[in-house]
Amino acid sequence: MKLNFFKYIVVAATFLVATNSFSQSTREALEKKRMELQNEIRRISDLRSNNKKKEKSILNEVQDLNQQIKSTENLIQVTNRQASLLTKEMNENEAKIAKFRKELEELKADYAVMIKKSYRSKSQQSRIMFLLSSESFLQAYKRLEYLKQYTEYRKQQGEQIKTRTVDLQRLNTRLSNQKEEKDKLIAENRKTRARLEENKKAQQELMKTITAKEGQFASQIKKAQQEIDEIERKIDAMIKASIAETNKKSGSAKRDVFELSPEAKALAKDFASNKGKLPWPVKAGTISMKFGKQPHPVVRNISINNSGINIDTDKGGKARAVFEGTVSEVQILKGANKAVMLRHGDYITIYDNLESVAVRKGDYVSTGQELGVVATSKSTGKTTLHFLIFQNTNKYNPESWIINR
């Protein structure tokens with residue numbers, strides 16, 4: 001009976017630890033996401049403030065505002081999830097407190113009965129007489145063992161009472177802290193919702209201006225897209241030239257596909273197996289333009305195209321290698337500052353729009369190694385990395401390859 005009781009305690013404790021670990025990891029992930037969104041909103045807010053002083057383009061202002069609204073809505077969702085998780089944990093802790101109180105009362109009552117019986121036993125017959133009255137040595141030995149076990153059991157009961165009392169105190173403290181944390185999150189959400197409403201009103205006013213001059217803004221967008229297309233043609237040419245140069249050294253005339261050594265094949269396989277798990281090419285950032293053909297974020301009836309993704313980061317942010325590989329090209333692209341091309345077997349990652357570069361052609365770099373400083377645009381004030389992934393000359397959506405934040 002005692003063995004089953006202790007088995008129950010062990011199983012219950014194991015389950016409790018596993019449940020707490022899961023809640024803790026979920027809570028930490030949500031808090032990390034909340035901090036990232038707060039930093040993202042702060043970065044956009046600072047950018048908008050600076051741009052207002054410089055009277056920058058209304059299109060850029062609306063894009064920044066749209067991004068800030070989206071990030072704020074995401075922040076509200078994350079904060080709501082945190083509050084819901086805290087509510088669930090608080091309910092669980094309140095149930096545990098009630099259970100522990102009941103167990104503590106039962107343990108104390110059981111202990112009181114045991115002490116009372118022990119006292120009566122002592123008054124009726126001493127321990128020595130109890131042993132001396134044994135009919136045989138074996139019986140005396142068994143009685144001695146019984147007395148030891150009884151004493152040990154009393155000790156265990158006393159320890160259990162202490163443990164349950166401490167557990168109860170800890171749970172009460174944790175519950176109090178959780179209530180305080182939840183109140184803070186709710187108060188923060190109220191302020192965030194108020195800012196969201198202000199931003200939406202500002203968005204509506206700016207959109208009236210854009211709607212009134214849609215033709216003028218459409219021309220600006222088309223001109224910007226032409227510049228992007230020109231940069232990406234240069235990137236395509238850079239890749240083909242790199243393939244041709246590499247293959248020439250190995251005696252191959254192929255211009256669209258890398259000739260791979262056994263080591264390069266192994267590296268390419270390793271790169272491919274990490275799809276969806278690659279680190280971001282900047283420490284902190286927000287995807288401001290996705291991959292492929294898409295409606296313009298402000299003037300929706302105009303389509304824009306991107307061969308990679310654009311990631312807005314902090315001013316002075318560093319570009320980092322998402323995987324180990326060789327620097328196959330470092331070039332200055334007119335209209336896009338500097339670009340670093342890394343080769344991972346027949347896979348290629350490109351880090352475009354760098355103000356300065358910290359590597360040279362032929363260098364072997366490790367995952368996470370800094371490649372250069374991302375440039376800040378004088379016209380928009382944004383610090384944006386243009387990040388691309390290819391296999392030979394085939395474009396891939398980088399968002400599918402990097403870790404989902």
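K395 is partly exposed, with a relative accessible area of 35%. Here partly exposed lies between buried (under 20% relative accessible area) and exposed (over 50%), computed with a 1.4 Å probe on protein chains only. The structure is a predicted model, in which local features need pLDDT of at least 70 and side-chain atom pairs count only at pLDDT 80 or more, while totals for chains, interfaces and linings use all residues. Residues are numbered from 1 along each chain as its sequence is written, and side-chain values use heavy atoms, with hydrogens and water left out.

The side chain of K395 forms a salt bridge with D236, at 3.8 Å from N to O. A salt bridge is defined as a side-chain nitrogen of Lys or Arg within 4 Å of a carboxyl oxygen of Asp or Glu. This pair connects distant parts of the chain. D236 sits in helix α5 (residues 214-249), K395 in strand β12 (residues 394-396), and 159 residues separate them. Helices (H or I, at least four residues) and strands (E, at least two) are DSSP runs, numbered from the N terminus. D236 is also partly exposed, at 27% relative accessible area.

A second pair joins E399 and K290, with an N to O distance of 2.9 Å. Elsewhere, E31, R34 and E188 belong to one network, joined by salt bridges that share partners.

Another salt bridge lies within a helix. K184 and E180 have their closest N and O atoms 3.8 Å apart. The two residues are four apart in helix α4 (residues 137-212), so about one helical turn separates them. K184 is exposed, with a relative accessible area of 56%. E180 is partly exposed, at 44%. In the whole structure, the search finds 13 salt bridges.

Strand pairing was also examined. β2 and β3 pair in the antiparallel sense over four bridges; pairing requires at least two DSSP bridges between two strands. K293 stands opposite N305 in β3. Side chains alternate along β3 (residues 303-306). I304 and N306 point to one face and are buried.
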